[in-house]
Each structure stands twice: as structure tokens, then as C-alpha cells.
Amino acid sequence: MRPSLPQHAVDARRRADRLRDARARYRLDTSYRGYKLAAEVPDADRFDASFIAEAAELMITAASNAAASRLSVWLALGVEGVAARARALLASVARGRADPGRDADAPTRGRHPLQLEDYERMYSLLPTPASMRGRRWREDWYFAWQRLAGCNPIMIERVTALPDHFPVEERHLGGARVRGLVGDDERLAAARAEGRLFLVDHGALASVPPGHTDGRPKRVPAPLSLYLYTRPAAGAGRLVPVAIQCGQTPGPETPIYTPADGGAWAMAKCAVQIADANFQGVVSHLGYCHLIMESVIVTAHRQLSADHPLLRLLIPHARFTLASNEVMRRSIISENGNMDRLQSGTLAGSTELVQGCLARYPLSRVDAPTSFRDRGVDGEGITDYPFRDDALDSWAPLLRFVRAYVELYYRAPADVAADHELRAWVRELGDSVHSPCERMETVEDVVMLIARALYTCSIFHAAINYSSYDFLGYPPNMSAAAWGPLPGPQAPADERALLRMMAPLDLSLETISLMYTIGARHNRLGEYPAGHFQDPAVQPLITRFRRELDAVEERVKARNNARPIAYEYLLPSRITASIHV
């Protein structure tokens, strides 16, 4: 049946009955730690056989790699080390306390690496993460590059004045000057006046209590880091790190580090990476992607009839999301799950963090142009910002497609005003995502609501999720928790101290396996099942949308040829239509 607005329904009673049945199937449940999730996953939203087969293949590969990595650690112990482990295992057997699975993991369990090679041996059957190649993660330029093209490229903001609790002075720029990151003529005041000074503030983590894993304490860094975009030379500048403060309270115990501070600077960068990993996993990925889209999907099914054109458009973009979130509830946000074990904070603290951030994340601000404008990074201060440039390039055809689709059914504000299903959806959606939903008065209001939802589950999620393995999948680049002391005036600042901040080997294997298995892509932006819309007027819009995305693909490839490292996560051919991992 061709989609229709409720005011144009041929059989209003039948439509109301079907909607009542849908509300019985799609119910929001807030009993689990306050998250607003589907009470159960309807059959139509469950994984199909092909998805299960693909996911199983990834999981088997990850498990095989973990086994091979453990074997390599055993072999690295040498004959005497293996003999000692064997004697310990036999002693456990004699006492009746042996656990074969746990004892097989003994060489990695709780052990911090003694050298980087301990981590590098963990990829026997997996591809090398981008951040591991050439040990580029150690480089200052690569550290800064991740603010623009890493797995959480949404934090950097332009500043016209530094906060009082981050008292960086002109003298601190000397560290970057000594290391050759900026020229002798560079000044902070000039960079600020020219819109080339940028801040990343992880202050949201300051209230998260540190957790424990298997009795081992963790730490939650909440640093501030300052960056300068150098004056363009021969057409392009670059972002460089200038200063890092590892806490929110300045003072002798939390000094400001610069690139001239050697080992302490490396540890300070590690603290920033750990903080970024926590915000990425808990807020950017779980909150801004999975939880928001779950609310969009469940409330849409509850308030929009199956014949409603907006629900018809949303359904392909909801493919497997509820099923994926059901897995998330069991294995990630559960007691002793991935969030609890791998990330810095307690499970309760991480829950409060994501809920607080969602309350300050209104749907009216989540489209690409608005989000960059809000952070002051939409202008010329940064000329090469891969996430921004590629996201905006795909946002434009997405918005045109949504506008053309919506205008097939809404011709004037009167059509919006008469749509009682739409009003009910907006009202319930606003309640479900902990923040006000935008007004719904004009056709453009409808367009922007749908476009923002589709941007979230496609372009935005692709940038956050599919970059995870390259950056979070290599613990020296980005550990999900701080396991050793942060840098400080009395703390050691050598390579061993840096390694102790990073994840132990057993938890590193868990992280690597998780990051690898969330790389499945099961659909593609711009592709819709044949006959899904049951409206011949829609197919020309899809054809144009695909053609425009193909053109974006070529432009992204051209930009990648000029970048220090190709940014491939937002090639349209790699952007999924829905959140399913």
C-alpha cells in the first residue's frame, strides 16, 4: 500500500488498530540502569541468518587470534619460563584448584607489557591497526591528527580565550618550538586572534569514579589539551599539540606539560588518549549513536502507522539496531561486561556520564553543519579536517534526498499541523532521549528531524564505529583505562611508567577482539530493498541519491590523495545505512 499521512487514511479504523498492535510490540523499558531500551526485540528486528553467519566468522577469527597470541606469549617465556608455568599448573592440579581456561591465560592475565613487542605479537591473524604501523602513535603530529580523523573526532573546539583552570602562557609554546612543531615567529596570542587555537576538554570525566577489574584499580583521567593550527605554508597548515594538563584543577600536582617534557609528555598524551577512549565508547558511540537511535526507532514504531511515509523511510535505517542493542545490554553495559571491565570508570559512573551528556545533546543540534558550527570548526581555522570535510560532503546529498522524499507527502505547513501521528511521535521522542525535540510546524522541520536521525545512524556512526579498530585496537595508541599512575612531579616518567599506564595484556586481547568484531558492514547508505516504498515516485529520488554519493566517493578519494593518511571511514561505499554493531 502506498504510504499516506493519517489525515488521508483510506481506512482510519484499520490504521488505528495496526498502530495499537505495534505499541504492544514496541515498548520502552527504563528498568535497566535508567537506559531507555526496547522491552523486547520484535521478530522483524532480529538478526537474520546472513548477518549471524558474518558475525560468527568475525568472532571465530578474533578468538583464533587471541589463542594464537596467548601461545606466542607462552613461547616468548622461553624454556625456563614455560617450565615454571607448567610446575605452577601441576601444583594447582594437585591442590584441586586448576582452571584450564584461566591457567592457559596465565602469562597474559594482569601482566603489563615489558616492551612494545608484547603488544605487537597480538595480531597473528588480524590486520595491523593503522595506529600501529611504523609506531606512528608516538609522533606528535599523529596524536593531533586523531583529534581530526581518529575514532572520536568530535571534541576539538576553537577557543578565543582559555579557561581559567587551564593557565597556559606564552612560555609554554616554547616546548613546541623546541621540538620543531611551530616556527620561531609563532605566538599563542596571534593564533588565538586568527582563529587557529583549539581546545579539547575531557572535563565531563572528572566526576566519574574509577573502577576495578579483577581486583585491579583503574584511573580516570580528565585532561585538557591545547592545539595550534600552524599558518598555511604552500596551501596547507597542520594541527600540532602545544600543552596538556592531566586534571581539571591546576596546581603543583597537575602541571602543564609541553612537547619538550620528554617521558612526561608521552605519558600526558597517553592520558588524553585514555580519556578520549572513554568518551568515545561511553558517550559518542553508546549514547550519541545506539541509545539515541533506539529511542528514535521504538517511538517511531509506537506512534507512526506502518503506512506512514516517515516510518517507511526509517525502517531500512533501523535494520538490526534493536537486536544489536540487545546484545549490547547483555555483554557491554552489564555487570562485568565490556564497559565495566575495559573502561576506566565504574559501571554506575559510566551510566551517569552518558545520561548526563544525552541531557545536553538536543536533537536539534546533531546535524553536521550545526555540530561543526557549535564548536567553531566550520570556518577556515582548520583547512584539513577529514571528519568534517567528508561528513559535510555526504550530508548534503542525504539532506536533498530526505527533503525530496518528505515533500512528496507534506506540501505545506497545514499538512504538518494535521498529522497527529507525527505530533505524538515528536512528543514521545523528546521524552525518550532526555532532551527537547525540535518544534514541528513546517515542512522543513520534518525534513531536518528525519535527516538528523539518518545522519546519526549512517555518517556519524560510521565515523565513530568503523574507525575503532585502527585506533582503539592498538593499546599503546589508545587504552580504554589508565592502569598506572598519571604523570606528576614525583612520578617516574620513563618508558616503563608509560607502559604501566596501558592495558594489561589479557584485557588488551579482549579489547582487540571487541574492536575487530564490531567492524561488520551489512548494508550501505543509499541502498533500499526493492519494492520497499511501494511508491513509484520514490525510485527516481533514490537513483539521484546514489549518483550523488558516487560523486562524493570520488571527491573523498581525491582529498585522501593529498592527506598525510587516507581517511576512508566516510567513503560512501563504506557508510552503512543502519547501526547494527
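Trainee: At roughly what angle do the axes of helix α9 and helix α11 cross?
Mentor: This is a predicted model. Helix α9 spans residues 262-303, and helix α11 spans residues 321-331. Their axes come within 10 Å. They cross at roughly 130 degrees.

Trainee: Is α9 oblique or perpendicular to α11?
Mentor: Roughly perpendicular pairs have angles of 65 to 115 degrees, and roughly antiparallel ones are over 145. The angle here is roughly 130 degrees. Therefore α9 counts as oblique to α11.

Trainee: Is the crossing of α9 and α11 left-handed or right-handed?
Mentor: The residues that meet include L286 and H290 in α9, and T321 and L322 in α11. By class, the contact holds seven nonpolar, four polar and one charged. The crossing is left-handed.

Trainee: Which residues of α9 meet α1?
Mentor: Helix α1 covers residues 12-25, and its axis comes within 7 Å of that of α9. The two cross at roughly 145 degrees. The contact has two nonpolar, two polar and two charged residues. From α1 come L19, A22 and R23; from α9 come H301, R302 and Q303.

Trainee: Which element gives the largest share of the largest nonpolar core?
Mentor: That core has 163 residues. F387, Y410 and W425 touch the most other members. The largest share is 23 residues, and it comes from α9.

Trainee: How many residues are in the second, separate core?
Mentor: Its members include F166, L188, L197 and L199. The core has 19 residues.

Trainee: Is N338 buried or exposed?
Mentor: N338 is found in helix α12, residues 338-342. Not counting residues up to four places away in sequence, N338 touches S331, I332, Q343 and L514. Its relative accessible area is 19%, and the cut-off is under 20%, so N338 is buried.

Trainee: Where is N336, and is N336 buried or exposed?
Mentor: N336 lies in the loop between α11 and α12. Its phi is positive, about 60 degrees, although N336 is not a glycine. Most residues other than glycine have a negative phi. At 51% relative accessibility, N336 is exposed.

Trainee: What is the phi of Q534?
Mentor: Q534 sits in the loop between α21 and α22. Its relative accessible area is 43%, so Q534 is partly exposed. Q534 is not a glycine, yet its phi is positive, at about 55 degrees.

Definitions and conventions. Residues are numbered from 1 along each chain as its sequence is written. This is a predicted model: local features need pLDDT of at least 70, side-chain atom pairs count only at pLDDT 80 or more; totals for chains, interfaces and linings use all residues. Side-chain values use heavy atoms; hydrogens and water are left out. Axes are lines fitted to C-alpha atoms, for helices over the stretch in contact, and angles run from 0 to 180 degrees between N-to-C directions. Helices (H or I, at least four residues) and strands (E, at least two) are DSSP runs, numbered from the N terminus. Angles under 35 degrees count as roughly parallel, over 145 as roughly antiparallel, 65 to 115 as roughly perpendicular and the rest as oblique. A crossing is left-handed if the near helix is turned anticlockwise from the far one by less than a right angle, and right-handed if clockwise. Contact means heavy atoms within 4.5 Å. Ala, Val, Leu, Ile, Met, Phe, Trp, Tyr, Cys and Pro count as nonpolar, Asp, Glu, Lys and Arg as charged, and the others, Gly among them, as polar. A nonpolar core is a set of buried Ala, Val, Leu, Ile, Met, Phe, Trp, Tyr and Cys residues joined through side-chain atoms within 4.5 Å. Buried means under 20% relative accessible area, exposed over 50%, partly exposed in between (1.4 Å probe, protein chains only).
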